[in-house]
Every structure is written in C-alpha cells, then in structure tokens.
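Colleague: I have not seen this structure before. Could you take me through it, starting with the surface?

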Amino acid sequence: MTDGFDTLLPAASLLGHRVDVLFLFVSILTGCVALAIAILLVVFTIRYRHGSKADRSNPPVRIRWLEVTWITVPLAIFLGIFGWSSLVFSQFHRPPRGAMQVHVLAKQWMWKIQHQNGRREIDELHIPLGRPVELIMTSQDVIHSFFVPEFRAKQDVLPGRYMSLWFTATRPGRFRLFCAEYCGTRHSGMHGQVIVMRPTEFAAWLAAGPARDELAARGFEIYRRMGCSGCHEPTSTVHAPDLIGLFGRTVHLADGTMVTADETYIRDSILLPRKQVVVGFDPVMPSFQGQLDEDDLTALIAYIKSRASPP
Ligand code: CUA
C-alpha cells in the first residue's frame with residue numbers, strides 16, 4: 001500500500017500499516033481540497049479581474065442544495081476520519097491476549113527494559129518477530145515519550161502510573177527508539193534500538209545472558225520481606241483483601257465506585273493505600289512510599305499478576 005510512498009520509513013509493525021493507510025488517505029484528501037481551492041482561486045481571479053466583461057448581473061443569493069452539500073459532505077467526511085482514527089488509536093492500547101509483556105522504565109536519560117524472566121537491558125529492546133509485545137511503561141522522574149517511528153508507535157510515559165502500548169513486529173532488523181518528549185538537557189541523547197529477532201533466536205537470546213531471578217519470584221521475595229504476606233495471605237489473622245485472582249478483576253470500593261485492578265491500581269494501593277479502600281475493609285494498611293523503588297514495584301506487580309488465578 002505504501003510502496004513508493006518513500007517520504008515515510010516503511011512500516012515494520014502490524015498496526016503501523018493501518019496508520020499509514022489512514023495517513024495516506026488524509027494526505028490525499030487534504031491535498032485534493034487544497035488543489036481545488038488553488039485552481040478556483042486562479043480561475044476566479046482571471047474571470048473576475050478588474051475590467052473583465054464577466055456577467056455580474058443578478059448574482060445568486062441563495063443556492064440551497066449547494067449550502068446543504070458543503071455542510072453535510074465535509075461533516076460526514078470529518079466524522080468518518082474521527083471514527084476511523086479513533087479505531088486505530090484504540091487498537092494501539094488494547095493488546096491481544098497472550099501478548100509478551102515487557103516492563104519499561106524511563107528515566108533521565110535512559111530506557112531501562114526488563115523482561116519477565118528477569119533479563120534486563122538498557123537502551124535496547126529485543127523482541128521476537130511476529131508476536132504481540134505489550135510494554136508496561138512508567139517513568140522514574142519526568143514525562144518521557146516512547147517512540148519507534150517504524151512501528152508508528154508513540155506513547156507518553158508518565159511518573160506515578162503505568163502506560164501500556166503494544167505492537168507486533170513484521171520485519172526483523174534494528175529500529176530506532178526515541179524519546180519524543182523534551183525531558184531535560186540530555187533529552188536528545190535519550191534514544192536506543194528495538195531489535196527484532198526471529199523467534200528461535202529470540203528465545204536463545206532471552207535464555208542466555210545474565211538473567212536475574214524471574215520477576216514474579218523477586219516480587220514474591222519482596223512480598224515476604226516487606227511483610228505483605230502477614231496480612232494478605234488467606235491464612236493470616238488480619239482481615240486484608242485477598243490477592244489471589246485480584247489482577248484484572250473489578251474491585252468495589254468503600255466510596256461506592258468500582259475500579260479494574262490493573263497495574264496502576266496495585267501501585268496506588270501499595271503507595272497510597274487510603275486512596276482506594278476496598279469495600280468492607282478498614283483503611284489500616286500503611287503506605288510503602290519511599291520504601292520501594294520502581295523495580296520493586298514492577299516485581300511486586302508481576303508477582304500479584306502471577307497469582308491471577310489460583311494454582
Ligand atoms: Cu526522555 Cu526526552
């Protein structure tokens with residue numbers, strides 16, 4: 001579709017092609033409108049120039065069909081573009097089930113990547129070809145923006161919450177990763193590479209290298225060390241919400257509202273436990289603000305996710 005349209009880098013992800021089609025459509029449409037206006041401008045300038053013999057008697061005051069047309073047709077086109085682009089936009093934020101999850105921590109001025117098995121990398125992201133990859137991203141300091149032009153994927157990364165973005169790479173190779181939000185003096189140096197490998201090569205890459213403990217296992221260790229298990233284990237005497245099967249569930253809160261137990265909810269529950277108290281429980285949990293760093297939180301969340309279903 002975009003072959004020969006070489007002002008753009010060729011797309012290298014599934015959704016990237018959809019962005020290109022939309023972009024091409026909007027470019028062609030606005031180009032045609034601009035061209036039509038330019039032609040009419042020239043035609044009318046010549047026809048109605050000073051001193052021309054053009055007929056200026058009885059100018060039409062109202063042409064109803066013309067008015068209706070120029071209101072309804074552009075309205076329909078713009079609403080159509082809105083609907084189309086919203087669909088593409090929302091697809092970028094709804095990862096398919098079974099996507100490979102990778103944690104991304106942005107900080108001044110680097111991208112820290114952590115895979116589920118504990119393998120870490122900096123300013124490089126290795127992913128397998130043809131498999132959906134979901135990034136769960138947060139920032140340690142200011143707002144950054146994760147941008148891979150060839151994937152047509154860009155997402156602001158904010159401190160204090162988790163942003164999700166996913167893509168499926170369609171070509172092996174190396175692709176530039178940029179920070180696309182001014183984040184301080186070395187913002188322009190905050191870039192890296194996404195390395196798309198064939199699945200078998202990727203599996204070998206992931207298994208090799210200095211892997212630390214699996215994320216969820218590290219999370220379990222923190223869960224015990226920080227004393228979470230003292231209250232949250234089903235066998236404990238303290239009355240605290242059960243964490244088994246929590247992730248992804250709808251939680252009813254004391255103020256009558258409901259939330260989905262996603263990464264940000266769990267993070268807030270650990271750092272700001274009074275913010276969203278579960279209905280039927282007393283707000284007795286202490287805050288762990290300042291006692292856990294971003295890596296600890298990532299590991300804890302991975303652990304709670306791993307208990308999404310009873311073993
Ligand atoms: Cu990080 Cu700009």
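Modeller: This is a predicted model. The protein chain exposes about 17,900 Å². The share of that area supplied by carbon and sulfur atoms is 62%.

Colleague: How far apart do the C-alpha centres of domain 1 and domain 3 lie?

Modeller: The domain assignment gives domain 1 as 3–49 + 61–91, domain 2 as 100–207 and domain 3 as 215–306. Between the C-alpha centres of domain 1 and domain 3 the distance is 49 Å.

Colleague: How many helices and strands does the protein chain have, and what percentage of its residues count as buried?

Modeller: The protein chain has seven helices and 12 strands. A residue counts as buried under 20% relative accessible area. Of the 311 residues, the buried ones make up 38%.

Colleague: Why is helix α6 largely enclosed by the rest of the structure?

Modeller: Helix α6 covers residues 263–271, and it is largely enclosed because nine of its nine residues are buried. Among them are Y265, I266, R267 and L271. The cover over these buried residues includes β5 (132–139), β11 (250–252), β12 (258–260) and α7 (294–306).

Colleague: Is D268 buried or exposed, and what is its relative accessible area?

Modeller: D268 has its place in helix α6. Leaving aside residues up to four places away in sequence, D268 touches G160, P273, K275 and Q276. The cut-off for buried is under 20%, so D268 is buried, with a relative accessible area of 8%.

Colleague: Is G98 buried or exposed?

Modeller: G98 is found in the loop between α2 (64–91) and β1 (100–107). Exposed means over 50% relative accessible area. The value for G98 is 62%, so G98 is exposed.

Colleague: How far apart in space are G98 and R131?

Modeller: In sequence, G98 and R131 are 33 residues apart. From C-alpha to C-alpha, their distance in space is 9.3 Å.

Colleague: How far apart are the mean positions of the positive and negative charges?

Modeller: The protein chain has 32 positive and 28 negative charges. The mean positions of these two groups are apart by 7 Å.

Methods. Residues are numbered from 1 along each chain as its sequence is written. This is a predicted model: local features need pLDDT of at least 70, side-chain atom pairs count only at pLDDT 80 or more; totals for chains, interfaces and linings use all residues. Side-chain values use heavy atoms; hydrogens and water are left out. Domain bounds come from an automatic or database domain assignment. Helices (H or I, at least four residues) and strands (E, at least two) are DSSP runs, numbered from the N terminus. Buried means under 20% relative accessible area, exposed over 50%, partly exposed in between (1.4 Å probe, protein chains only). Accessible areas come from the Shrake-Rupley method with a 1.4 Å probe; for residues, only the protein chains shown count as cover. Lys and Arg count as positive and Asp and Glu as negative; His and the chain ends are not counted. The place of a charge is taken as NZ of Lys, CZ of Arg, CG of Asp or CD of Glu. Contact means heavy atoms within 4.5 Å.
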